[in-house]
Amino acid sequence: MERFKVTGEELRNFYNGNVDLSRVFTDIENDLRSTNQVVCRYVVNGLEISEADEKRFGTVSLEQVETLEYLTENSRDLMGTVLKGWIEALPELIQQTENLSKRMRAQGLSGLLKSIHDLVQNCEFLIDSVMSLKGLMGDQFLVTSPVDWMKAEAESKRTVLEALNALENKDFVLLADVLEYDLNNVLQMWFEHLQFLERSINGEYTGPTIQSNTTGSNSLGRKRIAN
């Protein structure tokens with residue numbers, strides 16, 4: 001992981017005026033993409049901001065910026081870590097889904113609400129993670145994947161929503177069906193897809209080459225200053 005720092009004055013001089021930080025964030029990320037790097041964290045005026053806060057801080061003008069720091073990581077390394085974690089976790093998640101559906105058929109929702117909520121949250125987290133991977137790799141790999149990415153994405157969102165609605169309505173029969181059939185099918189699709197992606201980034205796939213989505217370098221890269 002690398003750390004870079006630039007002052008507000010340098011940024012204002014670079015942009016020849018005052019712009020919002022959202023423009024700076026976008027330029028930095030586009031510049032880094034050309035070298036397979038991604039931003040892991042921004043620090044504005046010494047304050048570390050979360051990914052959730054980036055949109056809010058994006059409206060801050062450069063006039064208010066004294067320093068901007070950002071930590072970067074190689075996108076391939078980051079993808080490899082995320083893929084390995086989910087590939088190891090998904091079989092357990094699939095088994096947990098099957099067990100919960102069987103228990104619901106036997107005892108209804110009694111004593112299972114927390115486990116069901118945790119399962120749904122884990123599935124939502126999985127969807128967010130794989131959407132992030134899609135952003136890192138770009139769309140070039142979609143046509144070569146043995147799994148229909150768009151179908152898996154749509155089915156994931158539909159299934160989670162259906163599970164939440166069944167849970168809200170306390171319809172344990174429908175919820176058990178959704179978990180046993182729909183959700184398990186979605187999790188299996190992602191398991192196969194992530195295994196394929198791991199083989200691809202490790203150079204073990206013999207089909208068409210998959211490359212990260214890259215753009216030309218922005219001259220802002222010359223303004224990056226290592227601590």
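Tutor: Begin with Thr 67. Leaving aside its neighbours within four places in sequence, Thr 67 touches Lys 5, Val 6, Thr 7, Gly 8, Val 43, Val 44, Asn 45 and Gly 46. Keep in mind that this is a predicted model.

Student: Where does Thr 67 sit?
Tutor: Thr 67 is in strand β4, which covers residues 67-74.

Student: Buried or exposed?
Tutor: Thr 67 counts as buried, because its relative accessibility is 18% and the cut-off for buried is under 20%.

Student: OK, zoom out. How many helices and strands are there in the protein chain?
Tutor: The protein chain has seven helices and five strands.

Student: What pattern do they follow along the sequence?
Tutor: Reading along the protein chain, you get β-α-α-β-β-α-β-α-α-α-α-β.

Student: How much of the chain counts as buried?
Tutor: The protein chain has 227 residues, and 41% of them count as buried.

Student: What share of the contacts links residues 24 or more positions apart?
Tutor: Take the contacts with a separation of 6 or more. In the protein chain, 81% of those join residues 24 or more positions apart.

Student: Next topic. Where is Leu 32?
Tutor: Leu 32 is in helix α2, residues 21-33. Leu 32 is buried, with a relative accessible area of 1%.

Student: How far is Leu 32 from Asn 74?
Tutor: Their C-alpha atoms are 9.3 Å apart. Along the chain, Leu 32 and Asn 74 are 42 residues apart.

Student: Now charges. Why do charged side chains pair up?
Tutor: Side chains of opposite charge can pair when their charged atoms come close.

Student: How many salt bridges are in the whole structure?
Tutor: A search of the whole structure finds eleven salt bridges.

Student: Which residue does Arg 105 pair with?
Tutor: Arg 105 forms a salt bridge with Asp 177, and the closest N and O atoms are 2.7 Å apart. Arg 105 is in helix α4 (residues 75-107) and Asp 177 is in helix α7 (residues 172-201), so the pair ties together parts 72 residues apart in sequence.

Student: How exposed are those two?
Tutor: Arg 105 is partly exposed, with a relative accessible area of 39%. Asp 177 is partly exposed too, at 29%.

Student: What does Asp 118 pair with?
Tutor: Asp 118 forms a salt bridge with Lys 114, with 2.9 Å between the closest N and O atoms. Both lie in helix α5 (residues 113-137). They are four residues apart, about one turn of the helix.

Student: Is Lys 114 buried or exposed?
Tutor: Lys 114 is exposed, because its relative accessible area is 60% and exposed means over 50%. Asp 118 is partly exposed, at 29%.

Student: What about Glu 155 and Arg 158?
Tutor: Their side chains meet in a salt bridge, 2.9 Å from N to O. Glu 155 and Arg 158 are three residues apart in helix α6 (residues 149-168), so about one helical turn separates them.

Student: Which residues join them in a network?
Tutor: Glu 162 and Asp 182 are linked with Glu 155 and Arg 158 in a network of salt bridges.

Student: And how exposed are Glu 155 and Arg 158?
Tutor: Glu 155 is partly exposed, with a relative accessible area of 24%. Arg 158 is also partly exposed, at 33%.

Terms used. Residues are numbered from 1 along each chain as its sequence is written. This is a predicted model: local features need pLDDT of at least 70, side-chain atom pairs count only at pLDDT 80 or more; totals for chains, interfaces and linings use all residues. Side-chain values use heavy atoms; hydrogens and water are left out. Helices (H or I, at least four residues) and strands (E, at least two) are DSSP runs, numbered from the N terminus. Buried means under 20% relative accessible area, exposed over 50%, partly exposed in between (1.4 Å probe, protein chains only). Contact means heavy atoms within 4.5 Å. A salt bridge is a side-chain nitrogen of Lys or Arg within 4 Å of a carboxyl oxygen of Asp or Glu.
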